[in-house]
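Welcome! Have a look at it, then read on.

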Amino acid sequence: MSLYTRLEQRLERNSDDAGPVRGSLSLLRIGMIWLAANLVVTTLLTGTLFVPGIDYGLAILLIIVGTLVGAVVLVTVGNIGTRTGLPTMALTRGPFGTRGSLLPVSANVVILMGWSWVQAMLAGIALDFLVASVTGFSNPVIWAVVCQTIVVVLAIFGHEGIARIEPWLAGIMLAIMAFIFIAAFTTFTPAEFQAIPVDESIGYTPILVLDVVIATAISWTVLSADFNRFAKTSRAGIIGSGVGYSLSTIIAMSLGATAISYVVLSGGEAIPFDPVTIVEPFGWPLAVVIFTSVMATNTMVVYGMVTSVVNAVPGAKVKFLPTALILGLISIVGATFFGLLEQFTTFLVTIGALFAPVFAIMIVDYYLVKRGSYTREILNARGGRYWYRGGVNWLAVLAWVVGAVAVYLWTWVWPTPIGATIPGFVLTFVLYLLLSLRERGAHEAEPSEHLSREPVTTDA
């Protein structure tokens, strides 16, 4: 039996192919997966955008508040995965319809591919710094390809491999991050960090900072049910992902704000979203954090792309391994397009515009319209309650378009004093609820059931 065949059979046994799965991971294991996930270079570098645009203390406060607000959406969507056994994009069949769900699925694959490219590039820059400092050889493109190749290999082993490696990566990153925080605050006092003059010309306001932090959580919600469906209980999924995500985001983003503040206090030029700017004063420890974080996070991103495609069409026999190899190859090639780094803020706004409304619709549909239950008809290729009209729920599509356009306009055309992500989410939530009242009244409440026929197993 070939290595390919053995790996394919193992993935099938571990439920990485299409369909609902019965979770077995404990609260601690889910928490460690999410802790490692967002101790990531993009989250860290997002923190470098805020200072000196606003003062250091306010930046840290907004990071904490925005993370906790965003985490509510993440765990609420993730809990649907735990209760049904389906990944995030497969759950969009509930509100959007069997065929209509292909719209958010397609957007999700494109967004996750962009994430994988950006993170591989940043890891390549960090690894290039390490290699160049020792050997003098410099080629960040080559190292970006090397990093993404390692990521694809890790993702091919499916959720079981991710669950095993993430805790180790989290431990390594937390230890080095602690060292960097200590180095920063033993060199300069907290009062000196707080006294950094605000540079209003940068264009960041407290509301914009809060919006970017919340948009970060929205960007991670696309993977929330992908991993929380493997939680043994709703409690394990909610607390594990909520605590793990919140801690990792607050730590990573605060480290970015602290590192760029350290550069300012040291007399350097504060170039935002540039890994070399913050790696140079801290040396190899921060470069190792960036490299390790990409291994942890991009593995989950590639896995999320694959599960989105594998579960896109109910009843289709799409295999995990060949899909992972094809998407993995695309992600490796795309990691050479370094120009994307200049568009990261626009990229985050695009995610918020596309997916904040999607998650508002998903939450309304599952918890209010369907009263906390999706039936096995959601697994049908045709027909049933989730077929709507020709496989599409045009009311959900309408609400999504209105919400996405509103987020875009409130970001770039008519900025609001409370940002764009929250009002866009609320607008879509209310609009879809009003549009769906007739459907809610036309159906009796169904008993909540897990969609997998597999028996409950113990945590591995």
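## Before we start

A residue is called buried with under 20% relative accessible area, exposed with over 50%, and partly exposed in between, using a 1.4 Å probe and protein chains only. L437 counts as partly exposed because its relative accessibility is 47%.

This is a predicted model, in which local features need pLDDT of at least 70 and side-chain atom pairs count only at pLDDT 80 or more, while totals for chains, interfaces and linings use all residues. Residues are numbered from 1 along each chain as its sequence is written, and side-chain values use heavy atoms, with hydrogens and water left out.

L437 sits in helix α20 (residues 437-442). Helices here are DSSP runs of H or I with at least four residues, strands are E runs of at least two, and both are numbered from the N terminus. Together with L61, V65, V69, I422, V426, V430 and L434, L437 makes a nonpolar surface patch of about 640 Å².

Patch members have over 30% relative accessible area and no salt bridge; nonpolar side chains (Val, Leu, Ile, Met, Phe, Trp, Tyr) are joined within 5 Å, and like charges within 9 Å. The areas come from the Shrake-Rupley method with a 1.4 Å probe, and for residues only the protein chains shown count as cover.

## A buried network of charges

How many salt bridges does a search of the whole structure find? There are 3, where a salt bridge means a side-chain nitrogen of Lys or Arg within 4 Å of a carboxyl oxygen of Asp or Glu. D365 pairs with K370, with the closest N and O atoms 2.7 Å apart. D365 counts as buried because its relative accessibility is 0%, and K370 is buried too, at 2%.

K370 also forms a salt bridge with E439, at 3.3 Å between the closest N and O atoms. This pair links distant parts of the chain: K370 is in the loop between α17 (344-369) and α18, and E439 is in helix α20, 69 residues apart. E439 meets R385 in another salt bridge, 3.6 Å from N to O. Here, too, distant parts of the chain are linked, with R385 in the loop between α17 and α18 and 54 residues from E439. Shared partners join D365, K370, R385 and E439 into one network.

## Inside the core

The largest nonpolar core has 137 residues, and F50, L286, F355 and F359 touch the most other members. Helix α7 (residues 102-135) supplies the largest share, 15 residues. Such a core is a set of buried Ala, Val, Leu, Ile, Met, Phe, Trp, Tyr and Cys residues joined through side-chain atoms within 4.5 Å.

Leaving aside neighbours within four places in sequence, F359 is in contact with V73, V77, T88, I218, T221, V222 and F425; contact means heavy atoms within 4.5 Å. T221 belongs to helix α11 (residues 206-221) and is buried, with a relative accessible area of 0%.

## Checking a helix

Which span should helix α15 (residues 284-310) have? At 1.5 Å a residue, its 27 residues should span 39 Å, and the end C-alpha atoms are 39 Å apart, which agrees. The expected span is 1.5 Å times one less than the number of residues. Helix α15 is mostly covered, with 23 of its 27 residues buried.
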